[in-house]
Amino acid sequence: FVSIICQAFEGLQLTEDFCSNLSKTLKFSYAQHLTFALALAQSNQMSVQHHGIKVVKTKLSECSPNNVHTLPIHILSNLILVVQTGSSFDAHDRELVVKSAQAVHPRKTCALELQPLLYSSGAWGCERCDPVEEVATETFDSWESTQLAEAMEDMGYRACSSVEVLTEILGDSTDINEHAVAY
């Protein structure tokens, strides 16, 4: 879906007015507007990508726990990754997104795919984020093997970005067996 949105805007001269008018005309919610901006930010065309990052940056002013609560987990994880890895975002932006997401997804009830993004050691270099604590293993006792596969699929390459990240993901689930890994 992201590639379709990006292809639709290739070759067009995007302006802030165009995107603002488009979102107002279509009456985008916060989640829809942010999803649109994140899609643009993942474009292969630098001008579209640059504009998407700019829109994401402007939407960060509305990044409160109430608005973060409206984001599907896969959009929230994309937002965290874009803000954490993009050179256009500073420590304040990273802290704002992580703190808002942590308020909505506390450590003990946090979805597996968000655990490494919100509660991994160093929290993406954000020194003022909560220190890492052991995740309560009872959170994961009832997980089925398909949930581990879905979590890794949702996280994409981030799930395997380092041995430590993959070890943390696999260590968080107590019911890992051959079926869970093979699924």
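Lys57 and Asp93 form a salt bridge in this predicted model, and their closest N and O atoms are 2.5 Å apart. The term salt bridge is used here for a side-chain nitrogen of Lys or Arg within 4 Å of a carboxyl oxygen of Asp or Glu. Side chains of opposite charge can pair when their charged atoms come close. Because Lys57 sits in helix H4 (residues 46-59) and Asp93 in helix H7 (residues 91-104), the pair ties together parts that are 36 residues apart in sequence. Helices (H or I, at least four residues) and strands (E, at least two) are DSSP runs, numbered from the N terminus. Lys57 is partly exposed, its relative accessible area being 34%, while Asp93, at 8%, counts as buried. For these words, buried means under 20% relative accessible area, exposed over 50%, and partly exposed in between (1.4 Å probe, protein chains only).

The structure holds 2 salt bridges. Lys59 takes part in one of them with Glu62, where the closest N and O atoms are 2.9 Å apart. Lys59 counts as buried at 10% relative accessibility, whereas Glu62 is partly exposed at 34%.

Helix H4 also has a packing partner. Helix H3 (residues 30-41) packs with H4 at an angle of about 150°, and their axes are 6 Å apart. Here axes are lines fitted to C-alpha atoms, for helices over the stretch in contact, with angles running from 0 to 180 degrees between N-to-C directions. H3 and H4 are therefore roughly antiparallel to each other, given that angles under 35 degrees count as roughly parallel, over 145 as roughly antiparallel, 65 to 115 as roughly perpendicular and the rest as oblique. On the H3 side, the residues that meet H4 include Tyr30, His33, Leu34 and Ala37; among their counterparts in H4 are Val48, Gln49, His51 and Lys59. Contact means heavy atoms within 4.5 Å. Sorted by class, the contact of H3 with H4 has 10 nonpolar, 4 polar and 1 charged residues (Ala, Val, Leu, Ile, Met, Phe, Trp, Tyr, Cys and Pro count as nonpolar, Asp, Glu, Lys and Arg as charged, and the others, Gly among them, as polar).

Turning to the whole chain, the secondary structure comes to 11 helices and 0 strands. Of its 183 residues, 43% count as buried.

Residues are numbered from 1 along each chain as its sequence is written, and side-chain values use heavy atoms, with hydrogens and water left out. As the model is predicted, local features need pLDDT of at least 70 and side-chain atom pairs count only at pLDDT 80 or more, while totals for chains, interfaces and linings use all residues.
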